[in-house]
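Biologist: I would like to learn how to read a model like this one. Please start with the annotated domain and then move to the cores.

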Amino acid sequence: MENLDATDIQILKHLQEDAHINIKDLAGKLFLTATPVYERIKRLEKEGYIMKYVALLDKQKMNLGMIVFCNVRLKEHARNVGSNFVKDIVALPEIIESYNIAGDYDFMLKILVKDMASYQDFVMNKLSTIENIGNTQTIFVMGEIKHSTALNF
């Protein structure tokens, strides 16, 4: 963040709230003209502060209302075992986030499915086919309290 000034930070905060905002409206919020705002956004993109723009979809409307966290412990920790596991889980579209963690388990997976039957199908026909899974612990989300994609800085 050492290369960012207050205007850059304000641009990033506004874009996190609404990446679809047009340059003219964003410039108005910053009391600037459109050209310098456009140039700053292009620089922020080039420098990697802005990685990409996405549309956030409603999970319920997409029929993916069940959120599941699955902790995974591998049987062994050889480099190729971990690499193969990562390669396998990245290929599963139901897994929307994955973290290598410390503690009792090696990985935490965030999974979106339609319902319990869909999760059972996922476990039986996809997750269980991945080699070197020692054991798993599943946590079902009863209600989402806070969900944000915005970074606080």
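Modeller: This is a predicted model. Over residues 4-65 the chain is 53% helix and 0% strand, with the end C-alpha atoms 38 Å apart. The unreviewed UniProt entry annotates that stretch as "domain: HTH asnC-type".

Biologist: How should I read a nonpolar core, and which residues have the most contacts inside the largest nonpolar core here?

Modeller: In soluble globular proteins, nonpolar side chains tend to be buried together. Here the largest nonpolar core has 19 residues, and Val 72, Phe 85, Leu 109 and Ile 111 have the most contacts inside it. Two or more residues come from each of strand S1 (66-74), helix H4 (79-90), S3 and helix H5 (116-125). S1 gives the most, with 5 residues. There is also a second, separate core of 13 residues, which includes Leu 15, Leu 26, Ala 27 and Leu 30.

Biologist: What is Leu 109 in contact with, leaving aside its neighbours within four places in sequence?

Modeller: With those neighbours set aside, the contacts of Leu 109 include Val 68, Phe 69, Cys 70 and Val 72, as well as Ile 89, Ile 95 and Leu 127. Glu 97 and Ser 98 are also in contact with Leu 109.

Biologist: Is Lys 110 buried or exposed?

Modeller: Buried means under 20% relative accessible area. Lys 110 has 9%, so Lys 110 is buried. Lys 110 is found in strand S3, residues 107-113. Apart from neighbours within four places in sequence, Lys 110 is in contact with Ile 67, Val 68, Phe 69, Glu 94, Ile 95, Ile 96, Glu 97 and His 147.

Conventions
Residues are numbered from 1 along each chain as its sequence is written. This is a predicted model: local features need pLDDT of at least 70, side-chain atom pairs count only at pLDDT 80 or more; totals for chains, interfaces and linings use all residues. Side-chain values use heavy atoms; hydrogens and water are left out. UniProt positions are given in the numbering used here, feature names are shortened, and annotations may be inferred rather than shown by experiment. Helices (H or I, at least four residues) and strands (E, at least two) are DSSP runs, numbered from the N terminus. Buried means under 20% relative accessible area, exposed over 50%, partly exposed in between (1.4 Å probe, protein chains only). Contact means heavy atoms within 4.5 Å. A nonpolar core is a set of buried Ala, Val, Leu, Ile, Met, Phe, Trp, Tyr and Cys residues joined through side-chain atoms within 4.5 Å.
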